[in-house]
Amino acid sequence: MKATRILIVLLLSAGTAWAQLPQCTAVPGWKQQGENRKFETDSLFEYMDGNSEGYFLYGFVSMKGITCSRGDLKLVFDVSTFKDHESAFGMFTGNLDTREPVLKIGGGGQITPRKAVFTKGVYYVEVAAEPEGEHSALLKDVVTRFEKSFEGATSAPPQFAWFPTDGIRPGFPRLVAQSVLGLRMLRRGYLAQYDTGKAFVVEEADEKAAIELFAKLKERFPETGQIAAGTGGFTATDRYLGRICMFRSGRRVAGWTNIAEGADPAKLASSIASKLR
């Protein structure tokens, strides 16, 4: 559409003072609504209507934003910077709609009728369309081209290589910023969902901390058997997590929960242990 093609000029005309933001007035008919927005950790709360905690969990540094309007149509751009690539990617995967496909836009993107998101390098970008309606085509074209104005890694974090790719569900692995598997002792780690169960890896600061964590897990989940995976591999059963297998590899603690009937815990554990060496 001609209007969409013209809108792309807007996205590629970022000014130096507000890098990574479009210039609404670059396109006839479009204008900026309100002032440029800028938020840091002490000011994001009000803008996000109290939902800023999720950003902070992933290492939020700052956000820049701008709103462009043409008639009744508005595009609200919010560009968040995180402390590193892993954190920005974690914010992206942590907020995915698993019912929608993940697109190759930057490091990954997703489009819904009224919102588009993508990540690249240390950035997590959100573009919302108003009013309510089907804006998917416009949003996809906008973010596909907007992404080119950003620098940074487009590959997934190296931690993704810990997990088997066969049978993994869309939108996984994910960085869980706190309480992996709902366990407070598993403060931060990666989770992947499969038809055969959930796989997790938690990386501690050093091996001593991992040993202490693994000892707490063995106390929390009395073992029902042993497996030849990593160090101290064991199986257990839990009311909520179902069939479990866990092991330690250096400063990492890993395993599977909710293991499906018929699946071999030892084989599942080995599929990750072999990648953690």
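Which residues lie nearest the centre of the second largest pocket? They are Phe89, Val102, Gly107, Gly108 and Phe160, part of a lining of 16 residues.

This is a predicted model, in which local features need pLDDT of at least 70, side-chain atom pairs count only at pLDDT 80 or more, and totals for chains, interfaces and linings use all residues. Residues are numbered from 1 along each chain as its sequence is written, and side-chain values use heavy atoms, with hydrogens and water left out.

**Pockets**

Here a pocket is an open set of points, on a 1 Å grid over the protein atoms alone, where a 1.4 Å probe fits, with protein on both sides within 12 Å along at least five of seven lines; lining residues have an atom within 4 Å of a point. A volume is the space filled by probe spheres set on the points, with grid points joined across faces, edges and corners.

| Pocket | Volume | Lining |
|---|---|---|
| Largest | About 330 Å³ | 13 nonpolar, three polar, three charged residues |

The largest pocket has 19 lining residues, with Tyr55, Lys115, Val117, Tyr124 and Glu126 nearest its centre. Two or more lining residues come from each of β4 (73-82), α4 (85-94), β6 (115-120) and β7 (123-130). Of the elements, β7 gives the most, four residues. In the second largest pocket, the largest share, three residues, belongs to α4. Helices (H or I, at least four residues) and strands (E, at least two) are DSSP runs numbered from the N terminus.

**Aromatic rings**

There are 15 aromatic pairs in the structure. Rings of Phe, Tyr and Trp (its six-membered ring) pair if their centres lie within 6.5 Å; planes under 30 degrees apart are stacked, over 60 edge-to-face, the rest tilted. Phenylalanine 39 and tyrosine 47 are stacked, at 4.6 Å centre to centre with 15 degrees between the planes. Phenylalanine 118 and phenylalanine 146 sit edge-to-face, at 6.4 Å and 85 degrees. One aromatic cluster brings together Phe77, Phe118, Tyr123, Phe146 and Phe150.

Technical notes
Nonpolar A, V, L, I, M, F, W, Y, C, P; charged D, E, K, R; others polar.
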